[in-house]
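Dear colleague,

Please find below the sequence and structure that I am handing over to you. My findings follow directly after them.

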There are 2 protein chains.
Amino acid sequence: MKFKIESKDLHSSARAGTITLSRGEIETPIFMPVGTVGSVKGVSFEELKSRINAPIILGNTYHLYLRPGLEILKEAGGLHKFMQWDRPILTDSGGYQVFSLSGNRKLSEEGAVFSSHIDGSRHLFSPENVVDAQRVIGSDIMMAFDECPPYPSDYSFARKSMELTHRWLERGVCRVMQTESLYGNHQVFFPIVQGSTFIDLRKESAEFVASQNCSGNAIGGLSVGEPAEIMYEMVEIVCSKLPFDKPRYLMGVGTPANILESIALGIDMFDCVMPTRNGRNGMIFTSEGIINIRNKKWQTDFSPLDNSGTFNNGFSYSKAYLRHLLVAGEMLGPIIASIHNLTFYLWLVREARNKIISGEFNSWKNKMVKKLTTRL
Amino acid sequence: MKFKIESKDLHSSARAGTITLSRGEIETPIFMPVGTVGSVKGVSFEELKSRINAPIILGNTYHLYLRPGLEILKEAGGLHKFMQWDRPILTDSGGYQVFSLSGNRKLSEEGAVFSSHIDGSRHLFSPENVVDAQRVIGSDIMMAFDECPPYPSDYSFARKSMELTHRWLERGVCRVMQTESLYGNHQVFFPIVQGSTFIDLRKESAEFVASQNCSGNAIGGLSVGEPAEIMYEMVEIVCSKLPFDKPRYLMGVGTPANILESIALGIDMFDCVMPTRNGRNGMIFTSEGIINIRNKKWQTDFSPLDNSGTFNNGFSYSKAYLRHLLVAGEMLGPIIASIHNLTFYLWLVREARNKIISGEFNSWKNKMVKKLTTRL
């Protein structure tokens, strides 16, 4: 993997770069659509490749491990072949899901024993077998297994948790060194900074993570309920400690405004279920603000979903029509909303990139954040 | 509306023709995807126009009348503008839905008073206001309001019901004459043959319907639970009485085999929810037979959904992948299944047309019906 920074904003820490993986190039900053169980919910691969034009998508080790399971994925020749997606895939390690989705989990130095949210069956995730699972999946970017403390956490819990994540990280790095790709593609490994909302822990964790000298670095444990200002504070501190010349990935973030603010702090990669999950429930992101499309006020508004003229994804669907579909429970509603929102997110990070390159990023960002947070 | 018969099979009553409407041409025999509430469930208009290439779709007056409602459709300038679909639309009259979906209905000479299946509100459908509703919808082919008797019905009920449907038809024809299109497109009106499973009633109804001299004629009240052999018998009798030079539409039919057999009896138009509804539940139609994709036997079958080589809709999705999506409850599963099945149905009627023109229809049909009914 290569990462080349092409442009650096003068008035913020934003940068524009290119990640080169064996399966393709990714211009940064980038937003990665979430394909939890081997599909981006409601979105066909044709749409992902053409209209949305996502250069990379996310898969979740936890979900894929449970369903379809590693045996089937191995027999298919990996997740790419199974899904027929030939661009890069990043897989989450499952750490977050083990702590948020599964029941009855038991944490030890060894790893986490948990119950499947599907059938209650018991499983162990360890720093080693999570690497092994990602080898079977064949993702281009693998993530380290971490513990994700809830918000708020008290200091001693957060410290112990961070230290465990660090020891797990060393074991994960070790496993990556001892194993290799099953399908010939080069797989890189990103460690995850933890430390909850404590400045000294975040610094310590960022320094530890940086010392592992991996191809890129991630920030976890944010956007879990803390105020946005605290999140930005943590991101800023961590970015100051992470190497400049490697991509920085802020996990699970966030709203369009969160993304622009975090780009300004030096983040290069994002993922979030918000455009698809909130889209399915009728939240439509536009360049002029946020629309709750189920609201009666859109009932006879036959204008396009985003009628600013700046953002156009080629959709001719009107607000009134999408509202009708969602209210009537028609499947096409969530489909259109998901595709629209993902196109918008990808457009937004591409615009940010263009503005970084043209030197206008910071003023554009400040103007956009105001619009993006408006409720229409 | 024009209907030109281009070819007639020598060994059956099958024919190949072209219906010309102001919004486009429809080569027959044709299958019309069902877009009940203003969308074909799970299928984008891009897919409908490109991969599926449906020249006409169906809308349901009952559903559209309740949601989004006629006021919104009128303000939008009709259903075509509301959905952004510029090809022809045929609307069902709502007769079938009033008798199958709504509750607490009360039938009288005037019409049918029913309770909405959505909120229980009371409404009256009459032969006249159902024409008015279809004027507001702006469909290219409007259907007469009819009573659809259940199967089995006794003779005296079926006769009374048929006679009511005939009186309603005369009132509907009258209303069509007294009103005109609201949006400038030419709208035609199809009457519906009823008569349950009684030969003399079907003959009488077909003769009455033929005497109305409408642009095309439909057969209703079949595929409601009766054995397929009885359905074919009724279709054959009715086709012998309906004018040769006008399109014949068999409503709500059916399986791929039903469609081929009915084409052989002289039917030109079909609609059915089967490809989408059964698709959502995992029933996949292929040129080699029917697949229950949820079956464990497909778990590691990475071959295409239809691997006969004759039918190819450009999908690269495998059986194992589609199975995984449906078992995991991923929205993309129903989407892929619906698009696959609709593409298959449209391919099948186009193949039938080609075989009629090339003079090979009957032998091809007999060979295909065997394959199509095979459970793989």
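**Helix packing and chain symmetry**

In chain B, helix α8(B) passes helix α9(B) in a right-handed crossing. Please note that the model is a predicted one. Helix α8 of chain B covers residues 228-241 and helix α9 of chain B covers residues 256-264; their axes come within 10 Å and cross at roughly 30 degrees. Since an angle under 35 degrees counts as roughly parallel, α8(B) and α9(B) are therefore roughly parallel to each other. On the α8(B) side, the contact is formed by Ala228(B), Met231(B) and Tyr232(B), which meet Ala257(B), Asn258(B), Glu261(B) and Ser262(B) of α9(B).

The crossing in which α2(A) passes α5(A) is left-handed. From α2(A), the residues Thr61(A), Leu64(A), Leu70(A), Leu73(A) and Lys74(A) take part, and they meet Ala133(A), Gln134(A), Val136(A) and Ile137(A) in α5(A). The contact of α2(A) with α5(A) draws on six nonpolar residues, two polar and one charged.

The buried residues of α5(B) are Pro127(B), Glu128(B), Val130(B), Val131(B), Ala133(B), Gln134(B), Arg135(B), Val136(B) and Ile137(B). Just after α5(B) comes Gly138(B), which takes a positive phi of about 80 degrees.

Finally, I turn to the relation between the two chains. In general, two copies of a chain are related by a rotation about an axis and a shift along it. In this model, chain A is superposed on chain B by a rotation of 180 degrees, with 0.0 Å of shift along the axis and an RMSD of 0.0 Å. The two copies are thus related as by a two-fold rotation axis. Both copies use the same surface, as 100% of the contact residues of chain A recur in chain B.

With kind regards

How values were computed
Residues numbered from 1 in each chain as written. Chains lettered and ligands numbered in written order. Predicted model: local features only at pLDDT ≥ 70, side-chain atom pairs only at ≥ 80, totals over all residues. Heavy atoms only, no water. Least-squares fit on C-alpha atoms with pLDDT ≥ 70 in both. Contact = heavy atoms within 4.5 Å. Axes fitted to C-alpha atoms, helices over the stretch in contact; angles between N-to-C directions. Helix = DSSP H or I, 4+ residues; strand = E, 2+ residues; numbered from the N terminus. Parallel < 35°, antiparallel > 145°, perpendicular 65-115°, else oblique. Left-handed = near helix turned anticlockwise from the far one by under 90°. Nonpolar A, V, L, I, M, F, W, Y, C, P; charged D, E, K, R; others polar. Buried < 20%, exposed > 50% of the residue type's maximum accessible area, 1.4 Å probe, protein only.
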